[in-house]
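Open your viewer and settle in for a short walk. We will go from one stop to the next, with something to select at each.

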Amino acid sequence: MVGRRPWVARVAVIAVMFGLWEIAARFLVDPLFLSPPSIVIASLGDLFDTPGIPAALALTLFELAVAFALAVAIGLALGLVIGLQPLVRKSFFPIVLLLYGMPQITILPLFILAFGIGAASKIAFGVTHGVFPVIVTVVAGVQNVKPILLVSARSMGASRWQVFRHVIFPHMVPSFFAGMRLGMSGVLLGVLLAELYVSIAGIGYFTTLFTQSFEPTRLFGLVGLLAAMAIVLNAMVRRAEVEFAKWRT
Amino acid sequence: MAGQARRHNRMAWASRLIQAGFVIGLVLLWYIASTRWGVNRLLLPNPLAVYDNLLDILWSGEFIDDLATTLGELVAAFSIAVATGITLGYLISRSRAMMAVFEPLFAAVYAIPIILFLPLFVLFFGLGPASKIAIGATIGFFPIVINTIAGFGHVEPLYVTAARAMGASDYHLFRHVLAPAALPVILTGLRMGFTTALLSIIGSETLASLAGLGHHIVQLAEAMEMARMFAYIVFVIAIAATLNAVVSALEARGRRN
């Protein structure tokens, strides 16, 4: 039975985890540190009534949206500039890969100094996390085009723009959307890291507040909401990726 | 052919030159911006001052305590992640049904930025090393368990049948068929687990802690000692790059054998 309906067992596993959490919170752990899930879920309404919370969630969503749009636009532009010319690619692609591999968290304090403690620093940090996967996949996508297609389009008298529009662009679409998915994970990481580091009105402010005032119920509720938000955003980009890669098959 | 090879060679040289020019140009621009154009010293300290500070950090050995803290946390976190990830992954990979249940669950959790839960870890384990070890182990666990399941779970069934037919015991099957087939995939998981654990430990030290490499950067930032902070950032990035290079080399070596 388990073999044919894995999702039933999956739901059961999740239910068991919640059950263990409930038991631990009710009988084993100090209520200052852990709230049972039943109370967390029941108090989600209260959480939304907390002054500032809806605005903080909206602000974080806004930061994510702006950072994602910028990361995709900048990543696409840089990726095309680097990917289309072999010499430029050979010169600058290794530098991009090197920067991509760097632990960016070390320069987070610099972003705060440069952009302040408001939304700008979160957006900037999200962009630097999201832009590199987009560049890398766009460069890879441009390279995937078979040279023979380029040569034949050229020989049939296509202009540079026409070659890009009708040959390179359609070939790039699948990898571009894969890049957008990776870019979304990067943007989520960057924005949330910056929020948790320092924040005056975003969700980072409230996670710090709830931690310091030992309110696990509201802290768990808020973190759970954010995790749900991350899952939904990831799922949206993944859906778009599947949708736009269809023409190939 | 010869002409093509020569052109290829010339392009390799040209790109090296462009790279060198780009880096030198960037440093020059940084120098001019910080000395001539009057860019605020709090944003961009003089590169020479950064260099002096870097030498001073290396010679004075002030980094040793922080480095020991971070490496200690990393060793503890990675050990926990490896032990739990490989054990659980192996057990799950023994049954198709278990794999169908758990693989998507782990993949779903892996897609969430787990650093989100840092406030919960801090609430639980405090600001000290315990919360860093816990979050590093949690974040490092997922790539390891996912790759262990993939490694042991997708061994070519023909090999297993053949080994069984030739009379292999459970031990022999594991030692000579399953382990060698799964090893490359598991090694990749271990490398990813190591890298992400290192990253999240330095990250959580930056966000909320009392000691460690990440914490020291924040201290310098709050003291507005920019040149020293830049130098320390360079130092930490060099440490991370070295560790990652060592792990990648070990992975490549493990794959060959």
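Which residues touch the most other members of the largest nonpolar core? Select A:Leu193, B:Leu118 and B:Ala197, which hold that place among the core's 112 residues. A nonpolar core here is a set of buried Ala, Val, Leu, Ile, Met, Phe, Trp, Tyr and Cys residues joined through C-beta atoms within 7 Å. Buried means that 20 or more other C-beta atoms lie within 10 Å of a residue's own, with C-beta atoms placed from the backbone; 12 or fewer is exposed, and in between is partly exposed. Now highlight helix 9 of chain A, residues 160–197: this helix gives the most to the core, with 14 residues. Helices (H or I, at least four residues) and strands (E, at least two) are DSSP runs, numbered from the N terminus.

A word on what you are viewing: this is a predicted model, where local features need pLDDT of at least 70, side-chain atom pairs count only at pLDDT 80 or more, and totals for chains, interfaces and linings use all residues. Residues are numbered from 1 along each chain as its sequence is written, while chains are lettered from A and ligands numbered from 1 in the order in which they are written.

Next, zoom in on B:Ala197. Leaving aside neighbours within four places in sequence, its contacts (C-beta atoms, placed from the backbone, within 7 Å) are B:Leu74, B:Ala77, B:Phe78, B:Ala81, B:Gly136, B:Ile139 and B:Gly140.

Then show both chains. Here 38 residues of chain B meet 37 residues of chain A. On the chain B side, the elements giving two or more residues include helix 1 (2–35), helix 8 (170–207) and helix 10 (226–256). Colour that side by class and you will find 32 nonpolar, five polar and one charged residues. Nonpolar covers Ala, Val, Leu, Ile, Met, Phe, Trp, Tyr, Cys and Pro; Asp, Glu, Lys and Arg are charged, and the others, Gly among them, are polar.

Now hide chain A. Chain B has ten helices and zero strands, and its C-alpha atoms fill a box of roughly 80 × 65 × 35 Å along the principal axes. Colour domain 1 (1–39) and domain 2 (60–256), bounds that come from an automatic or database domain assignment. Their C-alpha centres lie 36 Å apart.

Last stop: colour by pLDDT, the predictor's confidence in each residue, from 0 to 100. Chain B has a mean of 85, and 96% of its residues reach 70 or more.

How values were computed. Contact = placed C-beta atoms within 7 Å.
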